[in-house]
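Please look over the chain shown here. The report below goes through it region by region.

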Amino acid sequence: KILQSNSHFVKPSEERAKATMKLLIPSLLFLAGMSNAEKPEPIMDENSNKGDSRCSKKMFECSSDKKSNPLKSPNLKANNDLWYEVEGYWAGTMSRFNPDGTPAQPQFWMENADVKDYPYDKQDIQFFMNLTVTETRLYKHVYYVYDVAPDSFCAINTTDNTMQNSIPPSICGDNGYVASGSKYATANWEKDGIADVFSATGVLTSNDDSKTAETGTISVADDTITSKIAGKYFTETETLEFQNADKTRLVGQGSFSVAPPSTVPDASGSFNVKERYNFDLKQVSANEFVKKLADAQTAVDIVEAGLVNIIQSGNCLDYIVDGCPTEADYRAAGDPSVTNSPYDDDSKMKGGFIAMFVIIGVMLLAIVAVYIHHRVVARQADRYKHQFARRIAQTIEFSGALEEVTPEALEKEFKKLDEDEDGVVKKEELRHFMGESMNARDFEALFAALDVDHNGEVDFEEFCAFMVHVGSMPDIKGEKIIEADEGEDGEPEKEHLNKKFDEAVAQSEEKHVGHERKLMFLAGFLCLCTLGLLGATIALAVQDDDDEKVVVPEPDEPVKSNVPNNIPYDIETVFKTDSANMCEGANPKWANVDCIHTQSPGPQSGANITKGFKGSFPVGDLKPQTNPYFEEKMCPVNVHWHLGTEHYNVGEFDENGKGPNGNAPKPDRRLAGGEGEGQEFNVRGGFRCHHYDENEAMFTTEFKWEHCLGMQVGETYEVHWPHSVAGACGTVHQYQTPFYDGVFCNVPGISKGDLVGALGGAQAVANAVGVQGQVFTIVNDESYFYPDLIRGWIKDKDMNMAQDVAMYTGSTTGTSRNNDICSDYTPITWKVDRKCHLISASSFDKLCYDMKQQLDDMADDLYAHGSRLLVNSTMVADNQQDRRNLRKASHDHAHHHHSHDHDHEHHSWF
C-alpha cells in the first residue's frame, strides 16, 4: 500500500504535464511541417507563366504599380498580347534605297570594315524572319537572300585588294548571297512588355566584338512593331505595321545609319543615314518558311558553302561564329527569369527559418512552463506536508522524531482526527483539525494526497502512508518533535514544541517562495527573448537582401527530363547507309472522287463509332481485319495526329466536349499556329473530349515543347498509326512521311485496279492496310507519361486503353475530303479506341523526338493536321463491330466460302 502511494504523490503533476504536451505536440508538429512542406502553388497572373506566392500570405499588401507588384509577371506576352500575333514565321521582300530615295547599289565587300556592305543586288531582296517569344526571352532570326550583282558592277576594276566584288567563294554575276543574323532580347523588371536587345550574331559579325555589340529595344503597340538597335558604329530603326484584321501581313520601313568615316561616335551619337529600306511580309507556316527560304537560295544560285542553316526553334545553333548567349549573358542582361527584381519588396516570408525559430521558442517556453508547473506542484506538496507535520507535532503524544513515531502513537493521533470515531477521517474532520491557517487550495491538495483511493475518506493505512512521506522530509528528518527544559528547584520538566523543528518548517517556506520568484523571472525573461527573436526573424525575412540578387545559379548538369533535349542525330551517319530512301515517291496519288455526282469509291472515315451505331453503306460480306495487325505481318509505317477528333463517340468526344479554345470546328489562328511554331494556319478542328478543366493546373500549365510544333496543353488530338503489309517493315525506311509512301513502299505507284487484282479483292485490301486510332487530351503532368508512342497505340487493360475498340472498313481522312468529296483509298480497316485518355505533353514531345530520328524526313507530321468533317452515315460501312464481338465474328468468317468473284459482285462500288 505504501509503495503504491509513492507513485501517487507525483501523479497529479505528471498528468498535468502530459496534458500540456498533448496540446503542445500537435502545434509543434504543425509548425515543423510548415518548414518542410512543399511550397504552395504561386498565385498566377492571368496572362503569366510564372507567379509569386508572396501576397498569398495576406501579410503584406501588393503594390498597384505593376513593376512592384509580385503578382504581375514580367513575361513579354503577359504584358502585351500583341506578342502573340507578332511571333511566328514571316517571308516577303525588302528593298534598299539611298537617303535621297534612289535605289541602293551593290558595294564592295571589305572583310575588316567597321560596318560591312554587300556586293549584290539590293532591290527585291528576299527577306525571312523567324521571331519567337518564350516567357521573358525573345529570339529574332533573319535571313536576307540577295540576287546576283548586275554585270555593270562586276565589270568595275579596283586596285585595292581589300575590296572584293563578291564574298568568297561566290563569283560576281554568277552567284547570289544569303546573310543571316540573330538578335537576342529579354524582358525587364519594368514589366512594360518591351524586349531589351543585349546580343546579336551574324550579319554584322566582326573580329572586334566592341564594333558589333548591339543593344536596343523591340516593342509592340497599336498593331506596330518598332525596333531600335544601336552598335558602336551604326544605328538601325525599323517600324512594321499590320495591314489586315487577321494580322498576317506586315508592311513597314527602316533606316540604317553609320558613323562618319574614321571616327568613333560619342555618347550623343553622331550618325549619318546610309540607307533606307521597305518591307512587305506575310506570315507563313514553318514548312512554307523552310521551303521558301530553300527555294530562294536555289533561285539565286548560292554556292554550297554559302548556304545557311535554318533556325526553326527559338534559340540558336552552334554554327553561329559568335556563339549563342549563355545563361550568364542573360543574367548580365537582367533577364527577370534569372535575376531578382530591384523594385519588389521581397516580402516573401522565409517560412523555414521562421518556423525553426518559432519551434525553438515554443519548445523553450514549453520546457520552462512544464518545469515551473512541476516546481509549483512540488512546492505545494512540500508546503502542505510541513503544515500537516507542524499540526501533528502540536498534538501527537510522542517526543521523538516523526520518522521514529510508533504505530501506537499514530493510532492515537488518528483517533484525534476521527471525531465521530467511525474509523475514517472525513474532509470536514481534517479541515477542523488543520484550522483556518491553511488556504483552501493547499487543503484540497493535502486531502487528495491522503485519500489514495479517492473515495472521499482517509483510513488509517492511508494516514500511515502519508506520515511516512512527512517524516522523511530532509529538513525535519531526525529533529525531535518535543523537547523539555530542565525544571528549577526540583520542578518537573516543561515540554514544548522543538524550536529547531519549527524553524525548519519556516525556513522551508521562505526557501520555496524564493525559488518560485526566480522561476517566474526566468520564464518572463525567456518569453521576452523568444518574442524578440521572432520579431527579428520576421524583420530579416522581409528585408531586401542586396547580397542575394542572383537567385538562379547555373546548374552543374542539365535538368533531367522525359524528353530528349539534344539536336537530332545526323541520321544518315547513324544508319551508315548510302542507299536512297526506298519508299520515296511510292505514293500512287489516287485522286479524290466526287461522291455525290458519281459512284462512291467505297465506305469512308471518320465515322460515328458510338456503341450501337451502324452505318448504312452496304458492304456485303466485307469485314475489317479483326486480328492484331502484327499477326498479319502489318507494321506501322507512320504516325500523325489531327486537331480534335475525326471520329465521334457520344459522351467521350462529341459536340459537348471542351478545351482551351472551346469546341469550335475552326479554332482561331493563334491556336492553329501554336504561338508561331510551325503548324499550318486555320486547320479545321474536330470534336473535343470532356476532360478539360480550366481550374486544374495540369490542363492550363504551359509546356516547353522541344520537338513538336503548334501543340497546346488541354487540347484534344486524335492519333493515327497507319499499318501496311507493303511497308518497309523492319528496315530503316519503315516510317515515312507522307504515310502513303510507307503504305505503298513495296508496290510504288500502283494503280487501284492493279492493287485489287494483285491482292485478290476488296477483302484482301482491308486485310492488308489498317489504321489504329486513339484519342488523347494533353496534360502537363508527368504521371501520364508514355515513352513509346511511335510504335502504335497504348494497350493497357488496367487503364482501359484500347479495350473498347470500334472496328469497321473505311478510307483515309483529312480535310481535303468531306461529305461531297471522298477518298479513293478504300476499303481499309479502322480500329479506333472509343475512350478518350489523358496523356502528358512530354509523351507527345518524345514521340516527335523519335520521329526526328527516322531516316525519312517526318517534319510535315510534327504538328496537328486538320480534321475531316464527320462522315454522313450513308457513307459509313454497315459492318461496324467492337471487341466483344470478335469471337463471334471470327466464327462467322470461318463459315463463309464466297469466292472472290462473288465478293466483287457484292462490291460493285469497288
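## The surroundings of Pro588

Leaving aside neighbours within four places in sequence, Pro588 is in contact with Phe744, Gly749, Ile750 and Tyr825. Contact means heavy atoms within 4.5 Å. Pro588 sits in the loop between helix H15 (571–575) and strand S17 (593–594). Helices (H or I, at least four residues) and strands (E, at least two) are DSSP runs, numbered from the N terminus. Pro588 is buried, with a relative accessible area of 15%. Buried means under 20% relative accessible area, exposed over 50%, and partly exposed in between, with a 1.4 Å probe and protein chains only. Tyr740 lies 152 residues from Pro588 in sequence, yet the two are 7.7 Å apart in space, C-alpha to C-alpha.

## Model and overall make-up

This is a predicted model: local features need pLDDT of at least 70, side-chain atom pairs count only at pLDDT 80 or more, and totals for chains, interfaces and linings use all residues. Residues are numbered from 1 along each chain as its sequence is written, and side-chain values use heavy atoms, with hydrogens and water left out.

The protein has 23 helices and 27 strands. Of its 910 residues, 48% count as buried. Among contacts between residues at least 6 apart in sequence, 74% join residues at least 24 apart.

## The barrel

The pairing is antiparallel in a barrel that 10 strands close, in the order S3-S4-S5-S6-S7-S8-S9-S10-S11-S12. Neighbouring strands of this sheet are turned by 25° against each other on average, direction ignored. Helix H7 (residues 286–299) packs on the sheet. H7 touches strands S3 (88–97), S4 (121–134), S5 (137–147), S6 (177–186) and S12 (272–284), and its direction makes about 150° with that of S4. Axes are lines fitted to C-alpha atoms, for helices over the stretch in contact, and angles run from 0 to 180 degrees between N-to-C directions.

Two strands pair if DSSP finds at least two bridges between them. S6 and S7 run antiparallel and are joined by five bridges; Thr186 stands opposite Asp196 in S7. Three bridges join S7 to strand S8 (residues 215–221), again antiparallel. There, the bridge partner of Ala195 is Ile218 in S8. Six of the seven residues of S7 (residues 195–201) are buried, so S7 is largely enclosed by the rest of the structure. Further on, nine bridges join S10 (residues 234–242) to S11 (residues 249–258), which run antiparallel. Leu240 stands opposite Gly252 in S11.

## A cavity

How many cavities of 30 Å³ or more does a search of the whole structure find? It finds four. S4, strand S9 (224–230) and S10 each supply at least two of the lining residues.

On a 1 Å grid over the protein atoms alone, a cavity is a set of points where a 1.4 Å probe fits but cannot get out; lining residues have an atom within 4 Å of a point. Grid points are joined across faces, edges and corners, and a volume is the space filled by probe spheres set on the points.

Strand S22 (residues 716–724) is mostly covered, with nine of its nine residues buried. Thr716, Glu718, His720, Pro722 and Ser724 point one way, and Tyr717, Val719, Trp721 and His723 the other. In a regular strand the side chains alternate between the two faces of the sheet.

S22 pairs with strand S23 (residues 769–779) in the antiparallel sense over nine bridges. Trp721 stands opposite Gln772 in S23. Strand S19 (residues 640–643) also pairs with S22 in the antiparallel sense, over four bridges, and Trp641 stands opposite Val719. Two bridges join strand S18 (residues 635–636) to S22, antiparallel as well. Here Pro636 stands opposite His723.

## Helix H21

Helix H21 (residues 841–852) has 12 residues, which at 1.5 Å a residue should span 16 Å; its end C-alpha atoms are 17 Å apart, which agrees. The expected span is 1.5 Å times one less than the number of residues. Of the 12 residues of H21, 11 are buried, so the helix is largely enclosed by the rest of the structure. Among them are Phe844, Leu847, Tyr849 and Met851. What covers the buried residues of H21 includes S19, S22, S23 and strand S26 (828–840).

Terms used. 1 Å grid on protein atoms, 1.4 Å probe; cavity = no way out; pocket = protein on both sides within 12 Å on 5 of 7 lines; lining within 4 Å.
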